[in-house]
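Thanks for coming. I have one structure to go through today, so let me put it on the screen.

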Protein chains: 2
Amino acid sequence: MKNLNESKLKFIEETGSLMEKKGFSPIVSRILSFLLIADTEEKSFYEIQESLNASKSAVSNGISFLLDKNFIKAITNSGDRKRYFRLNIETWIEVLKSITEEYKGYRMAIDKALELRSEKFTESNSQLTKIRDLYQLFETKLPVILSEWETKNSSQA
Amino acid sequence: MKNLNESKLKFIEETGSLMEKKGFSPIVSRILSFLLIADTEEKSFYEIQESLNASKSAVSNGISFLLDKNFIKAITNSGDRKRYFRLNIETWIEVLKSITEEYKGYRMAIDKALELRSEKFTESNSQLTKIRDLYQLFETKLPVILSEWETKNSSQA
DNA sequence: AATTTAGTTCTTTTAGTTCTAAACTAAAAG
DNA sequence: CTTTTAGTTTAGAACTAAAAGAACTAAATT
């Protein structure tokens with residue numbers, strides 16, 4: 001790992017493993033974390049490879065994945081045949097907006113469970129219903145928080 | 001898979017893979033999903049094993065994990081040497097209450113990134129700051145939602 | 001005391017992921 | 001036309017996680 005100071009290396013390690021918990025592979029997590037704290041916004045294939053001390057194929061596959069999922073975008077400059085890569089922050093915002101859907105999925109799973117469970121389980125059914133209600137609260141409140149946030153942004157941006 | 005009808009099998013499959021996305025292993029996810037829709041609240045080791053068509057060791061390790069994490073509890077009845085297992089719904093509520101911490105982790109990672117990034121990246125830094133602000137909104141609003149929910153429950157429970 | 005039961009622990013197998021290294025390819029430069 | 005550059009693709013090695021199977025153990029039953 002070259003060109004990266006102590007605190008940036010630490011960031012890549014820590015934020016990388018936070019991303020791994022979210023299901024990204026190690027190399028993908030490290031590419032994202034690296035781009036997040038790199039000293040220029042656009043980094044070439046080779047700069048990524050060298051900074052992360054990874055093989056060409058690992059970087060190539062990681063970049064392909066991130067481009068496919070729109071987490072990064074590629075930039076080409078005339079007179080330079082290299083491609084440069086930078087974060088696509090828009091996509092992160094989209095991911096945040098879709099959190100409500102995730103909670104909806106859990107709420108629907110509990111609904112289905114309550115449907116399949118015996119009505120005799122009065123105590124636990126009541127507890128489950130409460131949890132269901134909390135997910136539903138998230139489902140209704142999160143869009144409110146999001147639009148509050150968007151209003152704030154549009155007035156200042 | 002015995003003793004389980006079509007819709008319950010479907011539930012185990014679907015809810016199981018929802019849990020796998022959250023980081024649980026397949027067998028652990030299926031044990032939880034099974035207990036969620038089983039025809040009695042307490043199920044023995046053998047009933048779990050047979051219903052899920054899994055090996056003894058897989059079920060033993062899965063149960064150990066779930067007991068250790070408090071997702072299920074074991075019940076013994078005198079005159080019966082088997083142990084019975086049932087969901088520990090309290091723990092699920094605790095997990096829900098800790099969601100705020102998760103968002104706090106992301107917010108702190110972005111804070112660190114902003115600290116390590118050049119101030120020259122004005123446009124992207126402003127976008128990142130907005131995302132940071134959304135996570136912080138979650139951080140402040142989720143506890144409010146949770147206490148609204150708890151008040152509602154205490155008045156009806 | 002011997003056997004059965006209920007489960008645990010250890011070992012092995014399987015499946016799949018992640019990475020490297022090397023061969024390859026397409027475009028641009030000389 | 002040949003060479004260089006910038007990657008991609010392929011092939012394979014190393015590692016990891018999950019599950020199966022078998023051997024083991026401790027308590028209860030006969």
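Predicted model: local features only at pLDDT ≥ 70, side-chain atom pairs only at ≥ 80, totals over all residues.

Residues are numbered from 1 along each chain as its sequence is written, and chains are lettered from A and ligands numbered from 1 in the order in which they are written.

Start with DNA strand C. It is surrounded by 22 residues, where near means that the C-beta atom, placed from the backbone, lies within 6 Å. The closest are A:Ile27, A:Ser55, A:Ser57, B:Ser57 and B:Arg83. Which element gives the largest share of this surface? That is α4(B), with 6 residues. Helices (H or I, at least four residues) and strands (E, at least two) are DSSP runs, numbered from the N terminus.

Now DNA strand D. It has 20 residues around it, and the closest are A:Ser57, A:Ser60, B:Pro26, B:Ile27 and B:Ser57. At least two residues each come from α4 and β3 (80-87) of chain A and from α2 and α4 of chain B. The largest share, 6 residues, belongs to α4(A).

On to the fold of chain B. Its open sheet has 3 strands in the order β1-β3-β2, paired antiparallel; strands pair if DSSP finds at least two bridges between them. β1 (43-44) and β2 (72-77) are at the edges with a single partner strand each, so one side of each has no neighbour in the sheet. Between β1(B) and β3(B) there are 2 bridges, and B:Ser44 sits opposite B:Tyr84.

Last, the helices. α1(B), residues 6-21, packs on α2(B) at about 135°, with the axes 8 Å apart. Axes are lines fitted to C-alpha atoms, for helices over the stretch in contact (C-beta atoms, placed from the backbone, within 7 Å), and angles run from 0 to 180 degrees between N-to-C directions. The residues of this contact are 8 nonpolar, 4 polar and 3 charged.

Terms used. Nonpolar A, V, L, I, M, F, W, Y, C, P; charged D, E, K, R; others polar.
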